[in-house]
Amino acid sequence: MRMLINVPETVVADALRGMAAAHPELTVDVENRVIVRRDAPVAGKVALVSGGGSGHEPLHGGFVGPGMLSAACPGEVFTSPVPDQMLRAAAAVNSGAGVLFIVKNYTGDVLNFDMAAELAEDEGIQVAKVLVNDDVAVTDSLYTAGRRGTGATLFVEKIAGAAADEGQPLERVEAIGRQVNENSRSFGVALSACSTPAKGSPTFDLPDGELELGVGIHGEPGRERRPMMTSGEIAEFAVDAVLDDMSPRNPVLVLVNGMGATPLLELYGFNAEVQRILTARGVAVARTLVGNYVTSLDMAGASVTLCQVDGELLRLWDAPVRTAGLRWGM
C-alpha cells in the first residue's frame, strides 16, 4: 500500500506536529499526545474531554475549539489513549466547574477513561462521563461489550459543547450529552477494507465485488456481506436498520459520514438516497451534515446517523462552533 508517511512508528507524532503548525489556536503537546484549546481553562465553563485511537480524523482532535471539545487525547492508530493522557488533558482544561469525559464504547477507551476519572477525582477534579453507543449493526464486537460508539460521537460533542459554552452546569451538560446519545442510532457500510500504517495492507479481507453491511470503524465485522449494491439499495438497508431501532416523533439530525476514502461526489449522491427514503418513511429532517467526520483511515464506505431533536437540542446544534473539523456561525 502507498501511504503519505515517513515511517509507521512516527505517523501519529508527525500528524500532531502538522496539526500544531496549521492551527495556532490549539496547544498541541506532541510528546504527551494531548490537544487543548489555547484559551483553556475558560473561567466558569465545564470542560469537555474526549479521545480514542488515531485514524478516525477529524474525530477527536479536529473537534477541539469553541463550541465543542476543550481537549482531546489521541492514541496510537486504532489504540486507546492511556489514563495519563486523559488526566493531563483534564488538568489542563479544568476551570473548577468540572470535566465531562465523552467516551466511545470500546473496551480500552472505557477502562482507561474510568481509570483517568478516578485519578482526576483524587486530584480534586470533578468528572462526569457520557458513553456513546449508537451503532445498531451488532451487539458485542471485537473491541466492545454492547453497542459500538460511532457517528453519534460528533452529535454529543457538538451539542454538549454548546451547552458547556453557555455556562450550563456539569450535571446539565452531562444530561444533555446522554440524551443526545439515547436519541441517536447509526449504521455503517464498507466498500473496501482499511489499511493501518503498521500493517501496510488491508486489515480484513473483503473480496472484489462485495460489501460489508454494518461494519465498525476499526473494520470490525458487521451483520452480513452481500454482492455490491447500488447507492439507493445501500441507503435503504442502512436507514431501515436505524429506523428499526428508533421511531422518531420529532425531526432528526442526519449525518451522512464518509469512512475516509469515499469522495464527496458519492457521499452527496448517497445523501440524496438517504433523504428520499426518510421522506418516504415519514421522517422529518431538521439538519443534514455530509462529509468525512468519523473515519476509518482509507476505508471506502459511509455511515448514516440519525439523532432525534427537540427545540433545545436543535438550538444547541445550531450554536456557533469553531474547530479544525467543524465550524459555522463564528
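The largest pocket of this predicted model is lined by 35 residues, of which Val11, Ala15, Ser54, Gly55 and Glu57 lie nearest its centre. The model is a predicted one, in which local features need pLDDT of at least 70 and side-chain atom pairs count only at pLDDT 80 or more, while totals for chains, interfaces and linings use all residues. Residues are numbered from 1 along each chain as its sequence is written, and side-chain values use heavy atoms, with hydrogens and water left out.

**Pocket and cavities**

Rolling a probe the size of a water molecule over the atoms shows where empty space is left. Here the search runs on a 1 Å grid over the protein atoms alone: a cavity is a set of points where a 1.4 Å probe fits but cannot get out, a pocket is an open set with protein on both sides within 12 Å along at least five of seven lines, and lining residues have an atom within 4 Å of a point. Grid points are joined across faces, edges and corners, and a volume is the space filled by probe spheres set on the points. By this rule there are two cavities of 30 Å³ or more.

The table gives volumes and lining classes, where Ala, Val, Leu, Ile, Met, Phe, Trp, Tyr, Cys and Pro count as nonpolar, Asp, Glu, Lys and Arg as charged, and the others, Gly among them, as polar.

| Space | Volume | Lining residues by class |
|---|---|---|
| Largest pocket | about 640 Å³ | 19 nonpolar, 12 polar, four charged |
| Largest cavity | about 70 Å³ | five nonpolar, six polar, one charged |
| Second largest cavity | about 30 Å³ | six nonpolar, one polar, two charged |

Helix 1, strand 3 (47-54) and strand 4 (71-77) each supply at least two residues of the pocket lining, and helix 1 gives the most, with six residues; helices (H or I, at least four residues) and strands (E, at least two) are DSSP runs, numbered from the N terminus. The lining of the largest cavity includes Asp135, Ser186, Phe187, Gly188 and Asn257, and its largest share, three residues, comes from strand 7 (residues 184-190). Around the second largest cavity are Arg37, Ala40, Pro41, Val42, Lys45, Val46, Ala47, Ser70 and Val93.

**Domains**

The domain assignment of the protein gives domain 1 (8-183) and domain 2 (184-320), with bounds that come from an automatic or database domain assignment. The contact between them (heavy atoms within 4.5 Å) takes 43 residues from domain 1 and 43 residues from domain 2. The C-alpha centres of the two domains lie 22 Å apart. Because domain 1 and domain 2 both give residues to the lining of the largest cavity, that cavity lies between them.

In the UniProt record, an unreviewed entry, the annotation "domain: DhaK" covers residues 7-328; UniProt positions are given in the numbering used here, feature names are shortened, and annotations may be inferred rather than shown by experiment. The end C-alpha atoms of that span lie 36 Å apart, and the span is 32% helix and 24% strand.

**Leu16**

Where does Leu16 lie? Its place is in helix 1 (residues 11-22). Leu16 is buried, with a relative accessible area of 5%, where buried means under 20%, exposed over 50% and partly exposed in between (1.4 Å probe, protein chains only). Not counting residues up to four places away in sequence, Leu16 touches Val28, Val30, Arg33, Ile35 and Pro74. The C-alpha atoms of Leu16 and Tyr268, 252 residues apart along the chain, are separated by 30 Å.
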